[in-house]
Amino acid sequence: MNTPLHREPPKAPPVTPEKKHRLLMLSLPAIVAVLLLLVPTPAGLEPYAWHFFAIFVGVIVGLIFEPLPGAVIGLTGVVVIALFSPWLLFSPAELADPAFKTAAQSFKWAVSGFGNSTVWLIFGAFMFAAGYDKTQFGRRLALILVKYLGRRSLTLGYAITFADLLLAPFTPSNTARSGGTIYPIIANLPPLYGSKPNDPSARKIGSYLMWVAITAACITSSMFLSALAPNLLALALVKSVVGFDISWGMWFLAFLPLGLLLILTMPLLAYWLYPPEVKINDEVPRWASAELAKLGRLSRNEILLLVFVVAALMMWIFATAWIEPAMAALLVIVLMLWTGVLNWSDITSNKAAWNTFAWFATLVALADGLARVGFIAWLGKEGATLLHGYDPQISAVVLLVAFYLLHYLFASTTAHTTALLPAMLTIAASIPGINMPVFCLMMCTSLGVMGIITPYGTGPSPIYYGSGYLPTKDYWRLGTIFGALFLVALMAIAYPWMVMMF
């Protein structure tokens, strides 16, 4: 047998532009963190606090560009800080104490977020969403509204808005609520009018419906504490940084006048600014009736789910003195499991719930760590110095507008909340004369509506942007218009109301 005297080594596969881009995105968080670590520690700040901040910024960069899932980025940041805690987490005084067990305290801090009640409340609410999906009760609610309000384009816009409004208090993910429940239904509607995606006919009605749907999702995300997962994160951050407790009822009451105004006027405003070409059609109600007929009568599990979620809502609003909201959610989950509304495999297979659970737990720990090492207190002192001499009301407005407009830099409301809310709260708390309860409510309730400004501003945005009915130039133009209107309305309507109430 002849053997070749020389063999060429196998050629390495070519590095494609996609691989280069991915490698850059993977390395970017580490590069940013290392560059910040090399920057001299600012005056007045301990070196270990600056080092913690450098890792924290690296995590935020990772959350913005998402080279890996958010939970992986957050967990990586927590593990790195815990492993190098003598240089990142603990003060020299703590390390000098012979009784201080560094390794044990590092681990305790790393897993502290998993014991946070807000994290468990988010997880419980995701299980509610799973119940809506499995029983098809959410689909039934949306179809009923379409059946009775779907003849005219304008009333169909209101039907979509009211469907989101009904689901919002019980669905902590606007991606699950709007992208997973509302969008699959309304995606069937434009073809009934001859309105097709990525086609001039999109403007017949598809463009209008998609814009109303994403705008409604943003409004309802601000109306209810439980309608957007970062709202619950903001709740925990406010309590950690300021010590102010925001209840479900307080949140709802604070945004109620503005929320009602936006819900009642937004479909009409979109009808004027982005009008559909088709105004009336009789096919849509008939289609919804046919779909409802396929669903049949309310099932046993739908009735049980309705009873359970109403009970949970009542406990969240009226019984917080007797039962922790997270415990109320866990109680309802147990009832759903025992009655068969959900089974254990529904719990264990819910990747979105477990992913969010891990993600938020690590973010809560990281945000709490910023306060622990003294960075937030230092930042507040520096911010207060910059705003020294200005009227407290002007300072509050400047901080709110900056917080709102900086959302252009974030593709995640969670990342935005984690990165900026603690700093804004600390700066405001250091300025005498600012009404902190009102300021906290204004900052937190802005999280939902600010998602409208970009095609990546909130979870369901990419779904509607990618539907083929909202061209890029239209989305950016409308996002700017509606984003500006929402910001002005926050200042002109919500702020005076909150001052009067709180």
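## The largest pocket

Helix α10 is the top contributor to the lining of the largest pocket, giving 6 residues. Helices here are DSSP runs of H or I with at least four residues, numbered from the N terminus. This is a predicted model, where local features need pLDDT of at least 70 and side-chain atom pairs count only at pLDDT 80 or more, while totals for chains, interfaces and linings use all residues. Residues are numbered from 1 along each chain as its sequence is written, and side-chain values use heavy atoms, with hydrogens and water left out.

Back to the pocket: α10 (174-186) is joined by α7 (117-135), α12 (229-241), α18 and α21 (413-429), each supplying at least two lining residues. The lining has 34 residues, and Ser 173, Asn 174, Thr 175, Ala 176 and Gly 459 lie nearest the centre. By type, that's 16 nonpolar, 15 polar and 3 charged (Ala, Val, Leu, Ile, Met, Phe, Trp, Tyr, Cys and Pro count as nonpolar, Asp, Glu, Lys and Arg as charged, and the others, Gly among them, as polar). The space inside comes to about 710 Å³, a volume being what is filled by probe spheres set on grid points joined across faces, edges and corners. A pocket is an open set of points on a 1 Å grid over the protein atoms alone, where a 1.4 Å probe fits, with protein on both sides within 12 Å along at least five of seven lines; lining residues have an atom within 4 Å of a point.

## Salt bridges

The whole structure holds 8 salt bridges (a side-chain nitrogen of Lys or Arg within 4 Å of a carboxyl oxygen of Asp or Glu). One of them pairs Glu 94 with Arg 372 at 2.9 Å, N to O. Glu 94 sits in α5 (residues 92-96) and Arg 372 in α18 (residues 351-372), so this pair ties together parts 278 residues apart in sequence. Glu 94 is partly exposed at 24% relative accessible area, and so is Arg 372 at 33% (buried is under 20%, exposed over 50%, partly exposed in between, with a 1.4 Å probe and protein chains only).

Glu 291 and Lys 294 make another bridge, at 3.2 Å. Both lie in α14 (residues 283-295), 3 residues apart, about one turn of the helix. Glu 291 is buried at 12%, whereas Lys 294 is exposed at 67%.

## A nonpolar patch

Ile 31, Val 34, Leu 35, Leu 37 and Leu 38 make a nonpolar surface patch of about 460 Å². Patch members have over 30% relative accessible area and no salt bridge, with nonpolar side chains (Val, Leu, Ile, Met, Phe, Trp, Tyr) joined within 5 Å and like charges within 9 Å. Accessible areas come from the Shrake-Rupley method with a 1.4 Å probe, and for residues only the protein chains shown count as cover. Leu 35 belongs to α1 (residues 17-38) and is exposed at 53%.
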